[in-house]
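The report below concerns charged and aromatic side chains and their surroundings. Please keep the sequence and the coordinates at hand while reading.

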Amino acid sequence: MSQHVPTVDGRFTDLAISPKMQERLAYLKFINPTPIQAKAIPIALEGKDVIGIAQTGTGKTLAFVLPMIEHIARTKKQGLIILPTRELAAQVDEVLQKLANAFGLRRTLLIGGAAMGRQIAELRSNPHVIVGTPGRMNDHIQEGRLKLHNVGVVVLDEADRMLDMGFAPQIKKILQHVPRERQTMLFSATMPGGIVSLAQAYMKLPVRVEVAQAGTVSERVNQELFIVSQDQKLQLLDKLLKEYSGTVLVFSRTKHGAKKMCRAIRNMDHSAAEIHSNLSLAQRRRALEGFKAGKYRVLVATDIASRGIDVTNIELVVNFDLPDNLDDYVHRVGRTGRAGKTGHAISFITPSQRSKIRILERMVRDSLKVSPLPELPPHRAALQNQHAADAEASFRERGRRPFRRGGYTPGRRGHSPSRQANRSGGRRQPRVHS
């Protein structure tokens, strides 16, 4: 949600929103709606079901939060917003806070990793808007703490991501507790077949609003590919971090890979943090807030962050590994080129992955530039190994045995095999007198 996102010629005051909402938007300096906001808000204000398709970073959150607040203020019903990840839920809650507090609306954020006691207390206060992830919502429903009989508006945000993550059964359980007479809004960056099925099952004659072809990438993002072997990826990343001076988001395929890469980037003398599901919610928040505040120049993340990071000044996104689900490519590169700024997205493709280039091109409906591999700096680990090899060769030239820490070097005093065995727990053999 940002007034710097490309907007349309109209103004929020041209939309059929209440004077109080207009006043709040003016206070927040939101004057011109983005294309998705201009198209979706009027339809949603009429109470119709909406399917909104737009690229990431185009203001989708305000497109459903604004009409939801207007609906709740008018009907005294509740609002329910379901999202795939904790980070996305927290970000939507931040936007909601800016608007809902002015209307005296209470809200609660139901996500895993957060204090359960606070969530229980907020549910007892009967909040007007409930934001959360499917798993934690179902936990509260099963324990009888979350009642949804008064819900009048349901929002499924990043619905395609929720389906990819296997949340369809949990979403179904939640919607079984929501009245059939309700307004349902579904927002996503892509429109796979699963979304169509979801709409048919849970929506009534939805109006489809699309401001860009599903799966396309913003024109402000320059996309580039490098064909690089796996063992040269860190060297290429080292070179890119020297060439680009701004903030960088690096995507790893695995949690273990993200941890190792973060350590390697720190060894390159860059401030870096990692974010993945092995970390606690508090750790992930600290990493994300530090990245936003400039404490960390580089953030290394798994796909938990492909749609969970709302930072407007990311200069470069690096796909160190391609995602397992190539659909996530669009969401990854959508983390840069936001808020009207130009961004760069660079992907590392191993020789065995060449065939995936055509798949990506069909997905983004554009040709992707494959750049020649530049001259790479020596890998620091390789340099260290070379230095060790040179030192050993020097020792051998002078007829000396190199010292190896923690190991046995034949001929060194005090390190005979028998004494080594005794030190490792072997029992000394009794002396035999002849």
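Which residue lies over the face of Phe103? Lys20 does, at 5.2 Å from the ring centre; a charge is taken to sit over a ring if NZ of Lys or CZ of Arg is within 6 Å of the ring centre and within 35 degrees of the ring normal.

This is a predicted model, in which local features need pLDDT of at least 70 and side-chain atom pairs count only at pLDDT 80 or more, whereas totals for chains, interfaces and linings use all residues. Residues are numbered from 1 along each chain as its sequence is written, and side-chain values use heavy atoms, with hydrogens and water left out.

**Overall description**

The secondary structure comes to 16 helices and 14 strands, where helices (H or I, at least four residues) and strands (E, at least two) are DSSP runs numbered from the N terminus. Of the 434 residues of the protein, 51% count as buried, a term that stands for under 20% relative accessible area, with exposed meaning over 50% and partly exposed in between (1.4 Å probe, protein chains only). The accessible surface comes to about 21,400 Å², and 47% of this belongs to carbon and sulfur atoms; such areas come from the Shrake-Rupley method with a 1.4 Å probe, and for residues only the protein chains shown count as cover. Among the contacts (heavy atoms within 4.5 Å) with a separation of 6 or more, 74% are between residues 24 or more positions apart.

**Salt bridges**

A search of the whole structure finds 15 salt bridges, each defined as a side-chain nitrogen of Lys or Arg within 4 Å of a carboxyl oxygen of Asp or Glu.

| Pair | Closest N and O atoms |
|---|---|
| Asp321 and Lys233 | 3.1 Å |
| Lys242 and Asp238 | 3.9 Å |
| Glu243 and Lys239 | 4.0 Å |

Lys242 and Asp238 both lie in helix α10, 4 residues apart, or about one turn of the helix; Lys242 counts as exposed at 55% relative accessibility, whereas Asp238 counts as buried at 4%. Glu243 and Lys239 also both lie in helix α10 at a spacing of 4 residues, with Glu243 exposed at 51% relative accessibility and Lys239 partly exposed at 22%.

**Aromatic pairs**

The structure holds 2 aromatic pairs, for which the rings of Phe, Tyr and Trp (its six-membered ring) must have centres within 6.5 Å, planes under 30 degrees apart counting as stacked, over 60 as edge-to-face and the rest as tilted. Phe64 and Phe187 form a tilted pair, 5.4 Å centre to centre with 50° between the planes. Phe64 lies in helix α3 (residues 60-75) and Phe187 in strand β6 (residues 183-188), so the pair ties together parts that are 123 residues apart in sequence. Both Phe64 and Phe187 are buried.

Phe320 and Phe348 form a tilted pair too, 5.7 Å centre to centre with 55° between the planes. Because Phe320 lies in the loop between β12 and α13 and Phe348 in strand β13 (residues 343-349), this pair ties together parts that are 28 residues apart in sequence. Phe320 is buried, with a relative accessible area of 8%, and Phe348 is buried with 0%.
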